Amino acid sequence: MAYPKLLPARLVATFVLAVATFAPSPAFAGPTLDKIRERGAVKVGVGTQPGFFSPDSSGRWQGFFVDIGRALAIAVFNDPDKVEFVSASPQQRLPALQSGEFDILLSGVTETITRALQLGFHFGPVVFYDGQGLLVPKKLGVTSGKDLDGATVCIQTGTTGELNISDFFRANKIAFKPVAIEDTREFIKAFEAGRCDVMTQDASDLGLKRALLKTPEDYVLLPERISKEPLAPAIRWGDDRWLEIVNWTVYALIQSEELGITSQNVDEKLASPDPSIRRFLGVDPSLGAATQLDPKFAYAIVKALGNYGEIFERNVGPATKIGFERGLNRPWTAGGLLYAPPFR
Amino acid sequence: MGGRRGFLVQAALLAATLALVALVAADVLQNMARAGLTPGFGFLGRPANFEIGESLIPYSASDSFARALLVGLLNTIMVAIAGCALATILGVTLGVARLSGNLLLKGLVQAYVEVVRNTPLLLQLFFWSATMHALPAPRRALMPVEGVFLTNRGVFFPWIAAEGGLAWTVLAGFTVAVATAGYAAFRRPRNARLLLSAAALLAAASLGAALFGDPGLSIDAPRLGTFNVSGGFGISPEFLALLAGLTVHSSAIISEVVRAGLQSVPEGQWEAAHSLGLSRGQALRLVVMPQALRVIVPLMISSYLDLTKNSSLAVAIGFPDLVSVISTSANQSGHAVETILIMVAAYLALNLSVSTVMNRYDAKLAARGFAAP
């Protein structure tokens, strides 16, 4: 971001857009999927954060959520490049999804009941289990969030973080002073300058922000997670088939890891005698006929992008400079929370 | 001449505009319904559930969205009033200095105006914000005067702590006494002497009550807490940065308005004033400025309106103004369209009241007979 984008202009733009795009149009059985086919590309709303979504030096989008967007393009068009990424700030992304600016939001949105039932969004399977953390300077000598009575807390606006931190302090009957800043760089600068004692954000994001500080080793992430942040793909209500394509694309990524299928061995696995693998990879084409999907969509996804584990390790895993542990984001068979329903 | 036709055209235009508005409104409602949104302002009564960093009225996360929006509106009004006042003082001083015979002073003011006017306000706000953050942490606070803390958490100074009805009565007594004395001294009404004696009496009575009664008055000095400075009167760095940015930016523009206004008064007025034996200062205050005001005031109105609207950049540096609270509310409540409508209405009301007040002042000047040159 060369220039900090400012909220008023953006809110107004969203408002104008909301009015403009709501011009009368006939309703379809599956309006989103029809629009995608007509356009010839899936439009994906993303954020900007290295590891999750960022354009590389040649302008090609890369990252954990970007790969999931490409998997969707394979499921619909059998081509990982028939996808358009649109970057949206945390403030702007939900109204933009509502107004149809993109077909799916893959920007690390937390699934909540109000977003589902009040805003009218369907959420696909959780692709990243996160939780809000508290980053503090080591020299404060604080070991728990409960020691933070009277602290000043830097919060970035537009996330569920504002609510969680208020809830956490109220539940523990301690007081805090919020400084809510929208601009990301200003947010980091304020914390670094000592304007706040605490920076709060999803723990995954805090890890990245800590790496951006001048002396990361002087800061420590407190052990508590003050919230559950299941990050899931979000789509508008009104297109059931599109929802199922999103669901089963994510499940295909999870299932392939559980079955031990990787981008390296997927061609060998085609010869596997295991009936569940044969169905999954489309060697046995019965699933394709039943679902009206390309019978080999799971094969094509794994071949091009790898399974969930490979996508995680490549973009944000311990070997990358982001350096996240898998934690809860492991298959249920390995003690994590990733669980795909059966492909049959 | 065609009065009837003109009326018909206007009526048709009005009807077309209203129809367009109704069409858009109906379409928005229909499409919101299709997106599963239920428009309405009922959410305003529900708990906001988020904290706001600074507030003129008591506020906590369990208060309603309506109260949160009021907190934001009051913050915007506070910064707008303080900004307009300071920018006027600074701007008038600079505008007069620009016309001074002193070449160095003139050059400095010109440089100030060019630098400030030709850089984006947002950049200046980031500069002020960084300056405030560069102050030391509370434990190593700068103390220019004992009891005054300059820190990156804000500026804190001792304040009067009043408890109980008597304390407030004493304070109110003092305030009225000072205001009366000030009025009598500066405006010199015919009964000035009487007013001054009354003020002295009131002050003495308040002082007596403070000394001999137990009014519950004390000095609340700021002190270091675990994380922050507590007690005393604190001003946040975000507020200071925003106020400094808006004041400096607008003062440059106001100084040019003042300069243009003063120069619009014919040179002969200065000469006539001098020949009557008035000093330069007296000539400015009594002869030239009153005439220049006819040019200055209308332009000043737009500067004030600009300052009020520019205060919405606060969201970038973390001051909880109306826009900041509106955007958080929109995000938490999911009522984006309604909150935007509230924001539009609030800014419109705010700016219309500023221009109403200023236009009345302008009309009053005109009534006094200072015709525009």
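**Close-up 1. Cys154(A) and Cys196(A) are buried in this predicted model.** These two cysteines are joined to each other by a disulfide, with an S to S distance of 1.9 Å. That distance falls within the 2.5 Å cut-off for a disulfide, and over all chains the count comes to one disulfide.

**Close-up 2. The Cys154(A)–Cys196(A) disulfide is right-handed.** Have a look at the torsion about the S-S bond: its value is about 55 degrees, so the disulfide gets its right-handed label. Cys154(A) sits in strand β9 (residues 151-156) of chain A, while Cys196(A) belongs to the loop between α7 (184-192) and β11 (198-202) of chain A, so the bond ties together parts that are 42 residues apart in sequence.

**Close-up 3. Cys84(B) is a buried cysteine of chain B.** Its relative accessibility is 13%, and buried means under 20%, so Cys84(B) counts as buried.

**Close-up 4. Helices α3 (residues 103-117) and α7 (residues 237-263) of chain B pack against each other.** The crossing of α3(B) past α7(B) is left-handed.

**Close-up 5. Here are the residues where α3(B) meets α7(B).** From α3(B) come Tyr112(B), Val113(B), Val116(B) and Arg117(B). On the α7(B) side, the partners are Val248(B), His249(B), Ser251(B), Ala252(B), Ile253(B), Ser255(B) and Glu256(B). Sorted by class, this contact has six nonpolar, three polar and two charged residues.

Key:
Residues are numbered from 1 along each chain as its sequence is written. Chains are lettered from A and ligands numbered from 1 in the order in which they are written. This is a predicted model: local features need pLDDT of at least 70, side-chain atom pairs count only at pLDDT 80 or more; totals for chains, interfaces and linings use all residues. Side-chain values use heavy atoms; hydrogens and water are left out. Helices (H or I, at least four residues) and strands (E, at least two) are DSSP runs, numbered from the N terminus. Buried means under 20% relative accessible area, exposed over 50%, partly exposed in between (1.4 Å probe, protein chains only). Axes are lines fitted to C-alpha atoms, for helices over the stretch in contact, and angles run from 0 to 180 degrees between N-to-C directions. A crossing is left-handed if the near helix is turned anticlockwise from the far one by less than a right angle, and right-handed if clockwise. Contact means heavy atoms within 4.5 Å. Ala, Val, Leu, Ile, Met, Phe, Trp, Tyr, Cys and Pro count as nonpolar, Asp, Glu, Lys and Arg as charged, and the others, Gly among them, as polar.
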